[in-house]
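Work through the two exercises below with the sequence and the structure open beside you. Try each task before reading its solution.

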Amino acid sequence: MEKYILEMKNISKEFPGVKALDNVNFKVKEGEIHCLVGENGAGKSTLMKVLSGVYPYGTYTGDIVINGQVQKFTGIADSEQAGVAIIYQELALVPEMTVYDNIFLGHEIKKGIAIDENETIQKALEVMNKVGLKINPSMQIKDLGVGTQQLIEIAKALSKNVKLLILDEPTAALNEIDSQNLLKLIKELKKEGVTSIMISHKLKEVTSIADTITVLRDGKTICSMDATSQQITENEIIKHMVGREIDNIYPKREKIEPGEVVLEVRDWDVYDPNLGREILHKININVRKGEIVGISGLMGAGRTELAMSIFGNPKGYKIQGDLYVNGEKQSYNHPSQAVKAGIAYVTEDRKGNGLILIQDIKSNITLANLKALARFGVINENEEVKVANEYKQSVNIKAPSIEQIVGNLSGGNQQKVSICKSLFASPSILILDEPTRGIDVGAKYEIYTIMNRLVQEGMSIIMISSDLLEVIGMSDRIYVMAEGRVTGEIDAKDATEHNIMEMATI
Amino acid sequence: MTLYQEMKYLLRKNIREYGMYIALLAIVVAFGFTTQGLFTSPRNISTLLNQTGYIMVLAIGMTLVIVCQYIDLSVGYLAGFSGAIAAILMTQYGVSEWVVIPIVMVFGLAVGLINGFMIGKLGIPAYVVSLAGMFIWRGLLLMATEKTGTIIIPNAGFNAIGNGFIPDIDANKDLHILTLIIGAAGIVIYILSAIKGRQSKIKYGFEVISTPLFIVKLVFISLIIGIMSWIIADYNGLSWTVVICMVVLAVYHFITQKTTLGRHIYAAGGNRNAAELAGISVKKITYIIFASMGMLSAVAGILYTSRLQSATTTAGTMFELDAIASAFVGGASASGGSGKVTGSIVGALVMAALTNGMNLMGVGISYQYAIRGAVLVLAVFFDVTTRKKK
């Protein structure tokens, strides 16, 4: 009988309106590399947050057992004490501080009350050596590449005497060589007795490195496969990841013959000066009138970046390639120009980028096109109230009045406000980025109905979504993206979750 | 709903906005008692308003700056330096005051535009840009007044801005007749526009407050305008300072509450990313609010210099802090996106009334600072708690 370093038993975790984890069982053997896979929203990150104490004891049900002892973590400090270290997708390093300060941030080495700098550097060099980092520990994080930063994160974890290392998509931001090095390092750590849990979307990596593979779907454990005694194929994993019944939650739409091409990008290369790398490579896509075009792909594939680069480039990317809107070549350097040209963008991050939460429904809806309500710059407030009420009724925003502060609405209703805001600028091309993320099934259905109505009225929609069923159910045509490239284009009739997932995980 | 219930409901709903007005009224009444009516005497009220003019003007501009999540520390010495420029142009170059005033305002506007450019385009934090401005304008002010010391201004027209009153039609009466006429006109315009607004709402089929309450509101506000006019008319009438402040307030209130520009300013302050994605250029908004702040600093400088009838080496000291405090007391939020110019005016009046009232009571200056500090914290605490309840 093998020894389990970690057993998570019957873990359930609820957020308002959503059951994120539903009786999940997850067992990790001592000294193995355990890969956790699943679609976006399957519950992987939530499970790891429960494990690391981000969601403290009492906010979930079930037991966490480490080395045979039931743990009741009240915070990250507790889980670190127990030897659990988690490395998040977004690195948690302080850019302005040195490598050694970062490694010992939060558990500084002290002499008396002062930090013992020499000892810190000495110890930092030791752990850096373990991960094969040969740089000057006095360098600042901001001067280092992402791959190096990832290694520093691991060094930081090792400095805390980690027994169980959790890596959340460690290679998502890395190039091929850095990824290979990282995987090699994880294997070496295994030899030294460190157990690793790795969350990854890259199934090739998973099959090459894992000893055990656990698949989560919709907050449930689907299966746990032993990869040491038998070869698990990517196909098998995909089948478990998506294998659910298709319910009829997508309203029927009368397919109309799509019209002329209204938007097209050709050989679209996008370079992000902040990240210092190319994020999109030779993208070619087009959208026709009256069509819903789905853009599928996993997180980090570059879908939102593509939308942003088309929508007036507010992030200041460096772009090469051509954009055609209604047959004319365009080049935008501010969203206002895209709005004027009839493009609207509904952000995936409605709270951060979409809505002004402290303002009311009315002001949010009319914001993008106040000119339409104004004469000589003076707003006709009564007209504004009328318009806002019309929108509220037409998309069925559930709120006592349009004076309601948007921050107090539910996710689904906020999303409707966000869509109305874009519609008020009367666009001909609507880009919806994860339009149904984090909202309940009923509100989803309403949003699908709105989308169908809009295309029937002649609008074109680009829908970015991580939900495969949604993409297949709603789109006419689907582009699949992976690692900044378009890796496939399929007609929705021929699309299955399986073949999309295949294209998305190369 | 009975009239009483409706009033209670409206009061509770708008407690944050009404709170400041109620506080101001309470302060006025309290000082009226403690100073045996000296505080509320027409002469004192008139002086109080004229003394606060330049802070009110600065507070109006500062409101927009704070709404956009910026700060401007340079306004004090910029005002002081603008005043010195005006004084030098008039005394040493003999330029007419009517030419000097627009020149100085354009100067302020240009300085503000440069500030806006450094903040919006170059990305230097507003705190740093305006702190640097504070040093620079202070240095230049000292340089400008170094040789001459305080510059006495002989121009009667210029000095009237801070000290003069609007002319009267019939100088023989005890009361200032033109002021009363303006007050009456104000009441009529207010009533007519309120009725028109209400009718327009009814035409659209929107909910309006009940007729009796509407009448109560009309009478109440008309009474306040009437009483204020009467008090001011009792002592020399409207001053030019008050006229200027009212014009600036009216223009800025209109812009912020009724125009697309105003809405864009609040949107940029409430959520910068969302504003950008709605097609609003936050950069442009930044230029505009700092240019406006610079121009208003120049106006404040003119008001202050005119009030003293001279440009001094220390003009502008602490103006920026008074303006910022006024905006916060008046309900502007440090996290951006909310705050009204009318609120900031009330905030400025609250702070000025405290100083004035305590002076009349003979409270020492050291206590005054401490008390004003406490009031600032209390006001913002009130604002934060009522905001949470919503």
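Predicted model: local features only at pLDDT ≥ 70, side-chain atom pairs only at ≥ 80, totals over all residues.

Residues are numbered from 1 along each chain as its sequence is written, chains are lettered from A and ligands numbered from 1 in the order in which they are written, and side-chain values use heavy atoms, without hydrogens and water.

**Exercise 1.** Find the order of the strands in the open sheet of chain A, and explain why S6 and S12 each have one side without a neighbour.

*Solution.* Begin with the strands, which are DSSP runs (E, at least two residues) numbered from the N terminus, and which pair if DSSP finds at least two bridges between them. The order in chain A is S6-S9-S10-S3-S11-S12, with mixed pairing. Strand S6 (84-87) and strand S12 (220-226) of chain A stand at the edges with a single partner strand each, so one side of each has no neighbour in the sheet. As a check inside the sheet, S3 (residues 33-37) and S10 (residues 195-199) of chain A run parallel and are joined by 4 bridges.

**Exercise 2.** Describe the salt bridges between chain B and chain A.

*Solution.* Apply the rule first: a side-chain nitrogen of Lys or Arg must lie within 4 Å of a carboxyl oxygen of Asp or Glu. Across this interface the rule finds 2 salt bridges. One of them joins Lys258(B) to Glu381(A), whose closest N and O atoms are 2.8 Å apart.
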